[in-house]
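Trainee: I have a protein structure on my screen and I would like to learn how to read it. Could you walk me through some features?

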Amino acid sequence: MGREIEPQKSQQQVSYTVEQLVAVNPYNPDILPDLENYVNEQVASQTYSLDANLCLLRLYQFEPERLSTQIVARILVKALMAMPAPDFSLCLFLIPERVQMEQPFKTLIVLSHYLETGGFRLFWDEAAKSRHIVDAVPGFEQAIQAYAVHVLSLTYQKVPRSVLAEAINIEGLSLDKFLEQRVADRGWVIEKGQGGGQVIALPKTEFNHPELKKNSGDAVPLDHVTRIFPILS
Amino acid sequence: MAANYEYDEAAGHYDDQAAALRQQEVGYDPNFVPDSVKSFVVHLYRHIREKNVYEIHQMYETSFQTLSERLFKDTPWPSVDAVAHYVDNDHVFCLLYREMWFRHLYARLSPTLKQRIDSWDNYCSLFQVVLHGVVNMQLPNQWLWDMVDEFVYQFQSFCQYRAKMKNKTEQEIALLRQFDQAWNVYGVLNFLQALVEKSAIIHILEQEKEGLEQFTATDGYDYSGGSNVLKVLGYFSMIGLLRVHCLLGDYHTGLKCLQPIDISQQGVYTSVIGSHIATIYHYGFASLMLRRYVDGIREFNKILLYIYKTKQYHQKSPQYEQILKKNEQMYALLAICLSFCPQMKLVDEAVNAQLREKYGEKMGKLQRYDDEAYGDKMNRRQRFADEAFGIYDELFSYACPKFITPSAPSFDEPLVNYNQDAYRLQLKLFLSEVRQQELLVGARTFLKVYSTISLGKLANYLDVDESTLRMILMTYKHKTHAVDSAGKIISNADVDFYIDDDMVRVVDSKPVKRYGDFFLRQIVKLEGVINDVDRIKVMVAYRDDPSPSKLNLGIGVYRTEEGKPHLLNVVSKAEKLLLNDKSVSKEYLPITGLSEFNQLSARLVLGHDSFAIKEKRVCTVQCLSGSGSLRIGAELLARFHHQHVVYLSQPTYGNHMNFFIAAGITVKYYRYYDEATKGLDFQGLLEDLGSAESGAIVLLQASSHNPTGVDPTVEQWEQIRQLIRQRGLVPFFDCAYQVCKAEDVACRVESQLKLIIRPMYSNPPIHGAAIVATILRDREMYDAWTAELKAMIVRIVNLRHQLYDALCERGTPGDWKHIVNQVGMFTFSGLNEDQVSFLTKHYHIYMSSDGRINMAGLSSKTVPYLANAIHEALASVP
C-alpha cells in the first residue's frame, strides 16, 4: 500500500491491560495515571496506540488542571510518526488552544504543517533545531522517512535521487547504503534519468500506476440477477 | 380493541378553552389538571401497560403536540405530582411523564438552572430503572430516540449555559458548585456507554448478521412478550455517543462508537427521521474532519436525496423545522467536501441541482484560481485565495455542530465567558487545513486540461519554482489519499497522475458508469411495460375490430350472456339503500377501514363459527382492492419476518412478483402447472417447497388459481399444509387473510399494519366497504347475493362443459378434460402464442398471449364459434 509502518511495527509486545481499560471503561478519570504511564511505555518500546492516547487527551480535556505538557508533547510526536494517518490533527482537536500556543507545541505544529504540505527540506531543518523534542522519542527519524517514502511512491513512478535524498534527509554514502538495501528487499530499481542523474523506480502501486486500480463496485449480486430470469424466459 | 379504549383527542375541547382561559387569568398552576390532560395520561398509561405501540406512538407524536399547542403554549404541563394519582402513581410512567415535561419546557420556555438540574436527576432515575431491567414496556422508536437525542441536547445546552460565566448570579454559582455532578461529562458518557453495554446491542447486531438474532427485521420491537426499551435505547446511545464525541472534537472515537451500525444499509436508525439525520450529519462531519471526503460526499448525497424525496411527508412532524435546518447545514457541508474533493459524479442530479441553487456561486469562488479580468496576476490570486478562505469560514461556522467545553469553570479565577472556545479551536484547525490545501486549486485546474506536462512548464504556469511544485503535487497526493479506520489507503483523488522523472502524466479517468443497477431496474421496468402494452394492445385491438363476431376473452371481468360487464342486482340495491340512508356519513374511515366490513368479511372467509375469530386471533384490515391488500401484506412480511424470500407458483398472477420486489423480498418460484397434463404438477410443487429455505414465505391462492384455474384437491391441500408446517414455511394466502397465534399477537399485528398503511394512503375509501357491509349485514340481501353468485358460477361451469363437449364433437386433437377440471373464471387453454394470434387474426377472438381464456367472457351462443376457431387453429398452426 505504500505505507510503511516498519519503525512502529512491534505493537504486539505491549501488555493488553491498558488497552482493555480503554475498551471497557474509557470514561473513567481514575485510569489517567495508567494512560500517562502507557504513553511513556509506547515511547520506550516503540509501540503506538491512538485509542489510548486519545482517551488520555479526552481526560485532560475534561480536567484541564491535570494536563501534563510533557505527556501531551510525547503523544504529538508519536502522532507525527503515524503519518500519513491524520492522528496529529485528531490530537490537536482535543488540546485547548491556549496550550497549543505554548512551546513545544508551536514547534510541533510547524513540523506537522511541513509534513502535511510535502515540505520535507523545511521539516528536516526545523527538526534539527528542535532535537530536544524529537530525540526524546526513539524511532522518530525512521518513521518520518517511511512517511516520506509513502508520499513519494504515491506521487512518483520514477523519482530523481536528489528529490529522494531531500525527502528522507539521507545523502551521499549513507544514501547509497539505504538504496542498496531497498533494491535488495523492496524491489526498488536504480536507473539513469533524462538529465543524466540517477532516478529510482519505485514499486508499482495502484496510486502511481492508476491502471492497476481495480474497477470494483459494479458487481451485481447473484440473487438480483436470478430474480430477472423469470422475466427473460 | 374495545371502543372505550380509543383515545379521542378532540373530546373536551370546550373544556380546554375554559382551562386556557383560567390559565390566562390566574397564571400557571402546576396542580391544575384540565380534563383533556387527565384523559391523555390515563389513556397513555393504559396503552403503555397494554403494549399498544401504535396507539402510544399516535398519542406521543400527535396528541401531546396538539395539547401542548392548545393548552401549554407558553407554560409547562401540570406537575407530575398533580397527575400521578391518575396513573396509579406508577413510578416509571411518572419518570416518562417528567421526561416529556422537561422536553416541553426546554422547547418552549427557557429552563432555569434548578430545572436543568432536576431534569438531569430525572434522566438519572429513568436510565437507572431501564439499566436495572425492570422496564417491560414497548415504546415507539420515535420516543426512545427523542429521549437519547434530548439527553445529549440538554447536556450540550448545559455546557453552553455554564460557560457563560460573566452574567451568573451568586445564587447560580452557588448552585453550580453544589450540584457539580449535574450534567457532568463523565456522567453523561457513562450513561450512554452503560446503555450500550447493558443492552448487549453490539452483540445482538453481530448475532443478527449470522441470522441468530432478530433486531433490524422487527425495527427493534420485541414480539415475544419482552421489552424493546433497553435494546433500542442502547442502540440509539451509540448514535448519542457519536454526537457527544463530535461535540467534543473527538471525531475518531465518535466514528468508532457508530461502527456496530452499518450505515450502508437501512437499519433501526433509519426508522426515525431524526435519528437518521443525526447519524449521517455527524458521520459526514467527522469524515470531513478526518479528510475522508468521499465517505462524506457519499452519505450526504444519500440522505439529502432521501430528504428531498420525502420532505413533504414530514411537514406535520414536530421535527420538521429541525429537518429543514439540518438539510441546509448538510448542503453546506457537502459544498465543503466537494470543494476539497471535486467528485461531482458521486452526487445525484436532484441533489446537485439543489446544491447549485444554494451554494453554486460560493462553490464557484472556492474553485476559482485565476481570472484575467481581475487586475494584476499575483494580487488577484491572493484575493481569490482570501475570498475562498472567508467562504470556508462562513460555511463551516454555519454548518458545524455546537461544540462544547466539557470542563467546569474554575470559580476562583475572574469569571470569563468561554462558551466560544471550543468552536474557535475547531474552526481554526479546519481553516489551517484549508490553508494547507490552498495551492491545490491551481494545480488541479491545470492537471485537468493536460495529459502530459513537464514540471518546468507547470511550475511556470503556477508561478512557482520546481521544488515548490513538487511539494504541491506531493501535498495533492497526500491530501487526496486518506487512511481509513483499518489503516488502508483510500484514494479520494479526482485527478489521477504520476511523475515520471520530471514529466507529469495525467491519467484520463473516464467516468465509469454503474451499469449493474441500472440494468436491473430497466429489466424490471421493461417487463412491466411489455405486460401493459400486451394488455392494452388486446384491449385496443378488440375495441377497433369492426367484426360483429368479435370476442374478448382477455381481462378477468365477469360478463353477462350479452357480453356486457355485469353488475349484481343486490349491489345496486345496496347502493340505493345507502343513498337514502341519512345516517350514513362520508367521514374519513379509520386507518384499518370500516370495522363492520372487517368483521363481516372475516366471518365470510373463515366461517361463521371460526375458532380463530372466537379467540380473537384474527386481524382484519380494509385495504385498497386485492392488489393493495397484497402490497400491504408483503410490506408487513418484509418488515417483521426475518426470511426475505417468497415462493410464488410458476406461473402466477403477473403482478405478484412486483408486490414482493417492491417490498424488498427476493422472489423464487415453485413448480405448479404441468404443461403436459394441463393440471397440477404436484410432485414438482412438493419437491420445490420441500427444498425451500426454512422460514420462507409461500404465496398460495385460496382457490381459482390465477391464471391457470388449477387448484389442488382437498387431499393435496392437506399434504401441502403438512409440508409447510414441517418445513417451517409461512403460508401467505392471496385473499389477505392471516390467522394469528394469540389475541395479543393479533393486536400487535394490527398496530403494525396501521404503521404501514398510515404513510401509504392513511385511510381507505368508504363507498365499497359500506356496500359490502350492507349486504353482509342483512340476511335477505346476503341470501340474494349468494344466489346471484351461485348463478354466475353455474353459468361458468356450464360454459366449461359446453366448450369441452364442442371440442370433443369436432374431434379437436388433444385432451380437453382440463377445461372441465379447472375452476374459477379462467381456463389455461394450452394454446400457444402463435395459435392465439391465429384466433385473433382469423376469428377476431382476443385473449392474452399465454392462452388464458376468461370463461366469463363466453356465452352459450359464442361457444361453438370459439370451438371452431380452436379446432382450426390447432389444425393450421403447430
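Mentor: Gladly! Keep in mind that this is a predicted model. Let's begin with one residue: B:Ile555 counts as partly exposed, because its relative accessibility is 35%, between the 20% limit for buried and the 50% limit for exposed.

Trainee: Where in chain B does B:Ile555 lie?

Mentor: Look in the loop that runs between strand S6 (551–552) and helix H23 (569–580) of chain B.

Trainee: Now salt bridges, please. What is the general idea?

Mentor: Side chains with opposite charges can pair when their charged atoms come close. Over all chains, a search of the whole structure finds 36 salt bridges. Take B:Glu433 and B:Arg291, whose closest N and O atoms are 3.6 Å apart.

Trainee: Why does the pair of B:Glu433 and B:Arg291 tie together parts that are apart in sequence?

Mentor: B:Glu433 lies in helix H18 (residues 421–437) of chain B, while B:Arg291 is in the loop between helix H13 (273–289) and helix H14 (293–310), so the pair links parts 142 residues apart in sequence.

Trainee: Are B:Glu433 and B:Arg291 buried or exposed?

Mentor: Both B:Glu433 and B:Arg291 are buried. They also belong to a network of salt bridges with A:Glu116 and B:Lys479.

Trainee: Last topic: sheets. Which strands make up the open sheet of 6 strands?

Mentor: Follow the order S2(A)-S3(A)-S1(A)-S4(B)-S5(B)-S1(B), where the pairing is mixed. Strand S2 (189–192) of chain A and strand S1 (452–454) of chain B stand at the edges with a single partner strand each, so one side of each has no neighbour in the sheet. From one strand to the next, the twist averages 30°.

Trainee: How do S2(A) and S3(A) run?

Mentor: They run antiparallel, joined by 4 bridges. To see one pairing, find A:Glu191, whose bridge partner in S3(A) is A:Val199.

How values were computed:
Residues are numbered from 1 along each chain as its sequence is written. Chains are lettered from A and ligands numbered from 1 in the order in which they are written. This is a predicted model: local features need pLDDT of at least 70, side-chain atom pairs count only at pLDDT 80 or more; totals for chains, interfaces and linings use all residues. Side-chain values use heavy atoms; hydrogens and water are left out. Helices (H or I, at least four residues) and strands (E, at least two) are DSSP runs, numbered from the N terminus. Buried means under 20% relative accessible area, exposed over 50%, partly exposed in between (1.4 Å probe, protein chains only). Two strands pair if DSSP finds at least two bridges between them. Axes are lines fitted to C-alpha atoms, for helices over the stretch in contact, and angles run from 0 to 180 degrees between N-to-C directions. A salt bridge is a side-chain nitrogen of Lys or Arg within 4 Å of a carboxyl oxygen of Asp or Glu.
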